[in-house]
Amino acid sequence: MRITSSAGAQAHPTRWRAGTGRVVAGAALLAAVAFLPWLSGIDPALTVLRARSADQDPTPAQLTAVREQLDLDEGPFAHLSGWLAGLAGGDAGTSWVSGEPVLPQVMTALAVSVTLMLGALAVTTAVAALVCARTLRLGSRRGLRQRRAGTAAAVLAALPKFLLASLLATVFGVWLGWFPSQGWAGPQSMVLPALALGVPSGAMIGGLLDQSLPAAFNEPWARTWRAHGYAGGRIARTALRSALAGVLPQLLPTVVALVGGAVAVEKIFNIPGLGRLALDAAIAQDMPPLQTATLALVLLGVCAGFLIQAARHTLLGPALRDGALPALHPPRLTRPRSLPWVIGLCATALLTLVVAGLLRDPLYVETTARLLPPSFAHPLGTDSLGRDLLARLGHGALRTVGVALAVTVVSALAGLVIGTTAQLGAGLTEVVSTLPAVLAALLTTAVTGPSVWGAACAVCVVAWTPYAAQTAALLEQERASGHLLASISFGAGPAYLLRHHLLPAVLPALVRNALLRLPTTVLVLASLGFLGLGEQPPTPEWGRLLSENQPYAELAPWTALAPAAALVLLSFLAVSTTTWGRAGTRRRAPGPGPT
């Protein structure tokens with residue numbers, strides 16, 4: 001009773017601390033965006049003038065006129081305060097480039113992006129349901145004997161969204177003519193981009209949920225209900241409700257973040273979304289629309305965070321408040337017998353490709369051999385410049401995997417630390433979750449300059465949010481479990497609780513999430529390099545290979561197939577290896593602690 005009352009007494013200051021975190025994080029982000037033109041070291045008058053008229057050699061008089069017109073000499077603080085003052089009166093200013101009012105542009109783009117995000121959410125839900133359907137069926141009938149390898153989820157989650165978008169637009173938009181391949185004219189225009197965004201996201205959410213369900217089916221209530229003859233459907237629904245509470249926060253950085261982070265798909269389908277508007281404004285240093293779009297993304301992240309948190313509390317019910325949640329211990333499941341052989345075969349294939357590629361020159365250009373199909377001389381074909389794809393794949397392996405692993409490890413550790421500070425970390429996570437990686441890269445490279453490590457730092461700025469959201473959700477559930485409260489009552493200290501309760505409840509799921517997101521990290525790094533913010537050509541890198549060859553996917557599909565297959569193999573190996581290592585083991589239920 002004492003513990004429950006204490007928790008209730010702490011609820012009010014906790015909400016205040018979370019609100020403070022949201023305000024501070026949002027204000028810091030808006031201030032950083034306001035400083036972008038002055039941090040970049042490029043004259044904002046020159047950038048705006050080029051965006052207006054594409055004049056490559058403006059005269060000093062023209063630059064002076066632009067500075068006077070926009071009051072650029074007043075500095076970022078004056079511009080930010082003036083924009084905020086106008087915003088309080090419902091005026092977000094006018095575009096520095098077009099001269100048109102900003103608020104109607106941003107609201108129209110926001111409506112388009114939110115509609116597209118809702119369509120992607122529907123696809124995500126359907127794909128996630130398909131991924132975990134078998135586990136739900138077997139678990140409800142007490143038929144779980146083998147741990148799922150998660151290969152289907154790993155393969156689908158590794159699919160590059162922009163490559164999938166190009167494929168869907170070509171096949172169903174151009175060849176078959178079933179859906180529009182360009183523009184935003186009605187519900188039919190949403191189908192193909194929603195599929196391109198929702199299939200990888202659904203595979204990721206479904207993979208995480210599929211790995212959480214066996215522990216839910218292993219709870220004491222499930223065994224009791226089966227013994228009393230409860231219907232399998234009712235058992236499955238209750239287990240899904242229990243497992244879904246820990247996975248639900250992933251919707252914010254995975255699906256809601258698509259409002260600002262679907263730039264590549266929006267460009268392929270020519271959709272006037274908020275991501276494109278923010279990117280174009282950032283490149284042109286057009287501050288009023290960029291600041292307004294950033295504010296819209298911040299408010300969207302905070303609102304979505306509130307809704308997701310309310311949904312979680314509804315799923316968990318009064319047990320969360322009363323400290324009566326059961327501990328989720330995964331059952332002892334055997335690994336599939338074929339899994340070691342499949343892992344060995346895929347590892348051998350990937351290693352063979354890399355070693356064979358290292359024996360070739362990745363920079364040799366042969367203009368007479370452009371876009372050649374696979375042959376004995378070029379086993380994976382050639383790209384648009386006549387360079388050997390096998391050579392570029394092999395030489396880019398170490399850099400691609402090394403940088404992506406480093407970014408993933410740093411992001412996961414940062415998310416783990418921030419997720420433990422639930423009061424302040426929640427607001428920071430909601431604000432940063434919807435921040436596009438491209439905008440973070442523009443802010444970062446304005447200080448560090450364009451480089452592979454500058455791009456890596458930019459990705460780390462936003463990539464920690466899924467892990468922080470997951471850590472906070474799992475820790476909240478673990479702290480409300482009966483066995484942890486029992487350990488506290490027996491005198492267990494913070495170090496003991498961290499080592500025997502909290503970290504074992506978080507780390508396995510966190511590692512799985514990180515490995516599922518590894519190919520996405522590669523692609524985000526590649527997109528930054530493609531915009532001139534990261535790895536520069538002609539350096540070979542898997543994500544860059546995809547970006548460079550995506551325009552030729554219809555004419556020469558092998559140019560994009562090779563790096564995409566390498567990413568799929570990498571994701572499959574990462575996920576399958578963790579499944580192999582965890583199969584046949586069970587997390588030991590810790591004792592009550594020292595007395």
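**Exercise 1. Which residues line the largest cavity, and which helix supplies the largest share of them?**

*Solution.* Step 1: list the lining. Look for Arg399, Thr400, Val403, Val452, Ala455, Leu525, Ala526, Glu535 and Glu541 around the largest cavity. (On a 1 Å grid over the protein atoms alone, a cavity is a set of points where a 1.4 Å probe fits but cannot get out, and lining residues have an atom within 4 Å of a point.) You're working with a predicted model, where local features need pLDDT of at least 70, side-chain atom pairs count only at pLDDT 80 or more, and totals for chains, interfaces and linings use all residues. Residues are numbered from 1 along each chain as its sequence is written, and side-chain values use heavy atoms, with hydrogens and water left out.

Step 1: find the helices. Helix 19 (389-420), helix 22 (452-463) and helix 26 (518-530) each give at least two lining residues. (Helices are DSSP runs of H or I, at least four residues, numbered from the N terminus.) Helix 19 has the largest share, with three residues.

Step 2: The largest cavity holds about 70 Å³ of space, and the model has three cavities of 30 Å³ or more. (A volume is the space filled by probe spheres set on the grid points, which are joined across faces, edges and corners.)

**Exercise 2. What is the volume of the second largest pocket, and which helix gives the most to its lining?**

*Solution.* Step 1: the second largest pocket comes to about 1,200 Å³. (A pocket is an open set of points with protein on both sides within 12 Å along at least five of seven lines.)

Step 1: 45 residues line this pocket, and Gly261, Ala437, Leu523, Val524 and Ser527 lie nearest its centre.

Step 2: helix 26 gives the most to this lining, namely seven residues.

**Exercise 3. How do helix 11 and helix 6 pack against helix 16?**

*Solution.* Step 1: start with helix 11 (residues 232-247) and helix 16 (residues 287-316), whose axes are 9 Å apart at an angle of about 150°. That makes helix 11 roughly antiparallel to helix 16 (an angle over 145 degrees).

Step 1: check who meets whom. Arg241, Leu244 and Ala245 in helix 11 touch Arg312, Thr314, Leu315 and Leu316 in helix 16. (Contact means heavy atoms within 4.5 Å.)

Step 2: now take helix 6 (residues 102-140), which packs on helix 16 at about 40° with the axes 10 Å apart. (Axes are lines fitted to C-alpha atoms over the stretch in contact, and angles run from 0 to 180 degrees between N-to-C directions.)

Step 3: here Val102, Leu103, Val106 and Leu110 of helix 6 meet Pro288, Pro289, Thr292, Ala293 and Ala296 of helix 16.

Conventions:
Parallel < 35°, antiparallel > 145°, perpendicular 65-115°, else oblique.
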